[in-house]
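My notes follow in the order I looked things up.

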Amino acid sequence: MKLTVKLQPRARNNEIIGVKEGMVWVRVTAPPVDNQANGALIACLAKKLDIPKSRIRIVTGTQSRIKVIEIDGITDLELYAKLKGK
């Protein structure tokens, strides 16, 4: 499953804001230096989705705020249900 994410580094909290404009918006406290924000993004998604970080990888956009993420072993319905907290 692929997912488009808009990332905001240097935020107050690590949180998934929701789905807007066809993208999942995520805030992380880490700065966009040395892949710290990317690592925080993967950790935040793994925690919310209750899956290992090893099943999440950034396909494109490692140096951009808009990223395409690939998540193994989860369906679209499961993903959006977990993101909405259901």
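This is a predicted model: local features need pLDDT of at least 70, side-chain atom pairs count only at pLDDT 80 or more; totals for chains, interfaces and linings use all residues.

I began with the strand order. Five strands form an open sheet, and I read them across as β2-β3-β1-β5-β4. The pairing is mixed. Next I asked which strands stand at the edges. They are β2 (15-20) and β4 (56-60). Each has a single partner strand, so one side of each lacks a neighbour in the sheet. I looked up the twist too: from one strand to the next it averages 35 degrees.

**Entry: pairings, one by one**

I reminded myself that strands of a sheet pair through backbone hydrogen bonds, either parallel or antiparallel.

I took β2 and β3 to start. They pair in the antiparallel sense, over five bridges. I found Gly-18 bridged to Trp-25 in β3.

I moved on to β1 (residues 2-8) and β3. These two run parallel and are joined by four bridges. Here Gln-8 has Arg-27 of β3 as its bridge partner.

I ended with β4 and β5 (residues 66-71). They run antiparallel, with four bridges between them. Thr-60 is bridged to Val-68 in β5.

**Entry: how enclosed is β3?**

I checked burial along β3 (residues 23-27). Buried means under 20% relative accessible area. Four of the five residues of β3 are buried, so the rest of the structure largely encloses this strand.

**Entry: two residues with positive phi**

Where does Glu-21 sit? I found Glu-21 in the loop between β2 and β3. That hairpin has two residues between its strands. Phi of Glu-21 is near 55 degrees, a positive value in a residue other than glycine.

Is Glu-21 buried or exposed? The cut-off for exposed is over 50%. Glu-21 has a relative accessible area of 66%, so I logged Glu-21 as exposed.

I also looked up a distance across the fold. Glu-21 and Val-68 are 47 residues apart in sequence, and their C-alpha atoms are 14 Å apart in space.

Asp-50 came next. I placed Asp-50 in the loop between α1 and β4. Its phi is also positive, near 55 degrees, and Asp-50 is not a glycine either. Asp-50 has a relative accessible area of 67%, so I logged Asp-50 as exposed.

**Entry: the largest pocket**

I noted a volume of about 200 Å³ for the largest pocket. By type, I read six nonpolar, six polar and three charged residues in the lining.

Technical notes: Residues are numbered from 1 along each chain as its sequence is written. Side-chain values use heavy atoms; hydrogens and water are left out. Two strands pair if DSSP finds at least two bridges between them. Axes are lines fitted to C-alpha atoms, for helices over the stretch in contact, and angles run from 0 to 180 degrees between N-to-C directions. Buried means under 20% relative accessible area, exposed over 50%, partly exposed in between (1.4 Å probe, protein chains only). On a 1 Å grid over the protein atoms alone, a cavity is a set of points where a 1.4 Å probe fits but cannot get out, and a pocket is an open set with protein on both sides within 12 Å along at least five of seven lines; lining residues have an atom within 4 Å of a point. Grid points are joined across faces, edges and corners, and a volume is the space filled by probe spheres set on the points. Ala, Val, Leu, Ile, Met, Phe, Trp, Tyr, Cys and Pro count as nonpolar, Asp, Glu, Lys and Arg as charged, and the others, Gly among them, as polar.
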